[in-house]
Amino acid sequence: MNSLETNKAFRIDSHDNVATLLEPAYTGQRLVVVGALPVNLTAAESIEAWHKVALTAIPANQPIIKYGIVIGVATRDITAGQWVHLHNCHSCFDERSSTLDLHSGAPQDTTYA
Amino acid sequence: MHKQLTSLHGTGYLRPDGRKGVRNLVLVVYTVQCASHVAHAIADHEPDTHVIGFPGCYDNQYAIRLLLALARHPNVGACLCVGLGCEYTQPQRLAEKIAESGRPAEWFFIQDTGGTANSIAKGKRLIAQMRERLRSVPQVPLAWADMVIGCECGGSDATSGLAGNPTVGHFFDALVDAGGTAIFEEIVEAIGLGDQLLKRAATPQARQEIDAAYGKAVAYCQAVRQYSVSPGNFAGGLTTIEEKSMGAIAKSGSRPIQGVIKVGQAPPHPGLWLLNSVPDEHFMQFGYTNPNDTEGLMDLIAAGSQVVLFVTGRGSVIGSPIAPLVKITGNSQTYHKMEQDMDFDASRVLRGETTLEEQASELSRLIGDVAAGEPSKPERLGHREYFIMYKHQDTPSLEQGCRQ
């Protein structure tokens, strides 16, 4: 159930510094993180369902950890409760992904002439 | 960590090579698209008779190996090969190899038999004769150690990596610990996880195989300039290929990887195996590694999987011939919208109603029932999709012949 009070996020591995939102979150909403190593935190901004929220502060160039493994690197300082996605995390393999549109994922580097 | 698996309660059909089937099927194999109507008409209204075939007229080593692996699958008791009469692929040679495995096998050309109606009548007569011989196949107790189970995912969403695939991963750990064989594939969806896979190599040989397969997959992605991740994945909350890969690889569980098998090969001993379906870079370039979900399932079945698992978040309505398919979703909406197609609801763990261990143990009981003969939902609905394509995994080295 979606309530304005609390919302759920899922942490897969106890080493993870991000959790996946099971429902959309709004700025200031309290988040109950279930799964491995449950914690509570507050959403620092609105975040869509199934997107990731930072569980701790993650400085620039530090690894983003999900499933207990490095899924990318922070491209700027991230604070706890912030949305983690293409704007502040990049892949160590697929360099194109951080050029995609933040919300739709659509490519912006292809010319339609 | 995980719960021990409850013993299997069914019996298996003992084949001459020692493998045990969970079904006792007749298989009709056509050797060119021109023979496909006749093949399907032969199997029509014959509930124990499944059909596969190769559409091309020009033969292909990969496809022959795949057809033979499927025809000699433990769930298959007898086989009829049907050709038109002018194609490269030879039904007689297929039938001879299948007969060498101790299975009744027959073949004919439609051109020699006098057309559609005569061929259908002849085919039905032949499968009726072979079915009689299937009755005497010994039925023996079935254990998890006899089971080979393959898993792939498709139509994935964020729940696949959180609930669906991890549930299978926990089940695979328990299956391997019980002496069984687990197979996972989609190495192009393991990009970014080379170190994770290498760390899990059971032997130096396995490490070498994983390294080569992973290197080939990376080369493939670089050559086609594409990683197996799309705008829809990003919009759905995935940020990197590594993240998507880990969601897919979660289905492999945590046990050591025994080695890498190619399409049409069976794992030489129990444990967890990686199936590599990436094509060789050939004169037609790489080709497609996994053009659709059905192709991947056929690869897992060709490796000898008696039951195959399919994890889908968005939902899917495919099934498979030869080996029953069990469909698992981690998305509760999908489960409720498509309950007649979905065998297992893995979404409960996300609501905190159960644990992955408990869910994996429930899944194992469902798989046990299907192995004992209970039809899975796709089986009940009559789904028997198959897809066999041109691909190369046998390319001779560049030093040989005129490719120099």
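Across the interface of chain B and chain A, the rule finds 2 salt bridges, and the structure in which they are found is a predicted model. One salt bridge is formed by the side chains of Lys66(A) and Glu243(B), with a distance of 2.8 Å from N to O.

**The side of chain B that touches chain A**

- Three helices of chain B, namely H6 (158-177), H9 (231-235) and H10 (241-249), each supply at least two residues of the side that touches chain A.
- Of the elements on this side, H10(B) gives the most, with 5 residues.
- Sorted by type, the residues on this side of chain B divide into 15 nonpolar, 9 polar and 3 charged.

**The extent of the interface**

- In terms of residues, 27 from chain B are in contact with 32 from chain A.
- The size of an interface is often given as the accessible area that is lost when the parts come together.
- For chain B and chain A this buried area is about 2,300 Å², and carbon and sulfur atoms give 66% of it.
- Leu162(B), Phe234(B) and Thr239(B) supply 25% of the area that chain B buries against chain A, which is more than any other three residues supply.

**The sheet of chain B**

- Strands of a sheet pair through backbone hydrogen bonds, and the pairing may be either parallel or antiparallel.
- In chain B, 7 strands form an open sheet with parallel pairing, and their order is S10-S11-S9-S8-S12-S13-S14.
- At the edges of this sheet are S10 (257-262) and S14 (344-345) of chain B, each of which pairs on one side only.
- Within the sheet, strand S12 (residues 307-311) and strand S13 (residues 325-329) of chain B pair in the parallel sense over 4 bridges, and Leu309(B) has Val326(B) in S13(B) as its bridge partner.
- Helix H11 (residues 293-302) of chain B packs on the sheet, where the helix touches S8 (148-153), S9 (181-184), S11 (271-276), S12 and S13 of chain B.
- The direction of H11(B) makes about 165 degrees with that of S8(B).

**A hairpin in chain A**

- Strand S3 (residues 30-35) and strand S4 (residues 39-42) of chain A run antiparallel and are joined by 4 bridges, and the bridge partner of Val32(A) in S4(A) is Asn40(A).
- S3(A) and S4(A) form a hairpin that has 3 residues between the strands, and Leu37(A), which lies in the turn, has a positive phi of about 50 degrees.

Conventions
Residues numbered from 1 in each chain as written. Chains lettered and ligands numbered in written order. Predicted model: local features only at pLDDT ≥ 70, side-chain atom pairs only at ≥ 80, totals over all residues. Heavy atoms only, no water. Contact = heavy atoms within 4.5 Å. Buried area = accessible area lost by both parts, 1.4 Å probe. Salt bridge = Lys/Arg side-chain N within 4 Å of Asp/Glu carboxyl O. Nonpolar A, V, L, I, M, F, W, Y, C, P; charged D, E, K, R; others polar. Pairing = 2+ DSSP bridges. Axes fitted to C-alpha atoms, helices over the stretch in contact; angles between N-to-C directions.
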